[in-house]
Amino acid sequence: MNDDALPFDVTLLDKLADVAVGTGLNVQPGQQVVLTGSAETLPLVRRIATAAYKAGASVVTPILSDEAVTRARYSHGRDETFDTAPDWLFSAMADAYGANAARLHVSSENPMALSDMDPEKVGRAMKAQSIAYKPALEKISSFAINWSIVSYPGRAWAQLMFPELDGDTAQARLANAIFAASRVDRDDPVGAWSEHNAELARRRDWLNDQNFAALHFQGHGTDLTVGLAEGHLWQGGAAEAKNGIVCNANIPTEEVFTTPHAGRVEGVARASKPLSHQGRLIEDIEVRFEKGKIVKASASRGEDVFKKLLDTDEGASRLGEVALVPHASPISESGLLFYNTLYDEHAACHIALGQCYKDCLRDADGISDDDVAARGGNASLIHVDWMIGGPETEIDGITQNGDRVPVFRSGNWAD
Ligand code: ZN
Ligand code: ZN
């Protein structure tokens, strides 16, 4: 926990805190901030708190978890307790966001932390948590408030990525990868983010002008037509939350994304990278969609976890997001598998099972759940992204008239 013991350049943590507060959250004077993360992330949490107070935050409240405490539950908790979640905590989060608090999550999770725990118990506990978290998550996914996620180079995460290296070297490698992808290794990180946001906005605006009926993905074993929701809206980079504050929800981010039509997805999708979910690695996912729903699913590893995920609810086997990421992007070019969705989803084109983002629909203000569904927006307790893109990805946009427009060629934007 002591800064001196960290095997990387801590001045870059200061810069990461500045980007998290300035570009990620864009904290406003007088605004409260809720900070979530694991106890291991304290060196960054403390810097973020400092940067937030300098930006005028009124109260910064850290809510920290701990891997050992979580493991203790699965090892020793009574079987009948795994359908229970701390509802009071999640209600308080929803109250805070309802009162315009900004939300920042510092991610450093060891994705394999629970891999040796009973998947039945983990699945039940996660479901109970999803239900309790729903009101707070809705404030986040509907962009009621400015929010963001940044990553901290956690030790166990680093050792999973670089098993051949000693702990310090592994952590330093992960730190450098996070700093590079978050653009804090540049002279002017906040300026670099402005430039990057402008490029993402250009792509996003072009897709919105096209207003495609569907996208056809090919390559890496995928041959998938993803119908887009009626009045879908592409998002990407900086976005204005409903409280009027422009924020970057993910640091880093490389994607432009929108809401597919939950009933209009046809064909085969094959994962181009492993998916790490609830402490288990799911490899070589292959699914077949008919009328929007997965009718056949397999994986070479973790198939039981994947099928359990699909069984969560009706919407879990339908799509809630489709996202475009060029192969020529910093995270992709690092060639690393991070076992972390925040990074891996920004390395490749991806789809997400489950809940859609209402914010990816035009005129979504105050729209009812029934209206979202009528336009093709999916509803579920889950939102799980997995990668289908790579250097061979070809994407055609299918216009409302049925014409084809090149969108991606050989993994990158066609133009
Ligand atoms: Zn995404
Ligand atoms: Zn997603």
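The model is predicted, so local features are taken at pLDDT of at least 70 and side-chain atom pairs at pLDDT 80 or more, while totals for chains, interfaces and linings use all residues. Residues count from 1 along each chain as written, chains are lettered from A and ligands numbered from 1 in written order, and side-chain values use heavy atoms, without hydrogens and water.

**Domains**

The chain splits into domain 1 (3-181) and domain 2 (211-233 + 255-413), with bounds from an automatic or database domain assignment. Their C-alpha centres sit 25 Å apart. Across the boundary, 29 residues of domain 1 are in contact with 18 residues of domain 2 (contact means heavy atoms within 4.5 Å).

**The sheet**

Four strands make an open sheet in the order E2-E1-E3-E4, with parallel pairing. Strands here are DSSP runs of E of at least two residues, helices are H or I runs of at least four, and both are numbered from the N terminus; two strands pair if DSSP finds at least two bridges between them. Strand E2 (60-65) and strand E4 (147-151) are the edges with a single partner strand each, so one side of each has no neighbour in the sheet. On average, neighbouring strands are turned by 15° against each other, direction ignored. Helix H4 (residues 87-98) packs on this sheet, touching E1 (33-38), E2 and E3, and its direction makes about 145° with that of E1. Axes are lines fitted to C-alpha atoms, for helices over the stretch in contact, and angles run from 0 to 180 degrees between N-to-C directions.

Strand E3 (residues 102-107) pairs with E4 over five bridges. Leu 104 lies in E3, and its bridge partner in E4 is Ser 148. Leaving out residues up to four places away in sequence, Leu 104 touches several others, including Ala 20, Val 34 and Ile 149.

**The zinc site**

Glu 321 (OE), His 383 (NE2) and Asp 385 (two OD entries) coordinate the zinc ion (ligand 2) at 2.0 to 2.6 Å. Donors are N, O and S atoms within 2.8 Å of the metal (3.2 Å for Na, K and Ca); water is not among the atoms, so sites may look incomplete. Glu 321 also coordinates the zinc ion (ligand 1), 3.4 Å from ligand 2.

Here's how exposed some of these residues are; buried means under 20% relative accessible area, exposed over 50%, partly exposed in between (1.4 Å probe, protein chains only).

| Residue | Relative accessible area | Class |
|---|---|---|
| Leu 104 | 0% | buried |
| Asp 385 | 7% | buried |
| His 383 | 25% | partly exposed |
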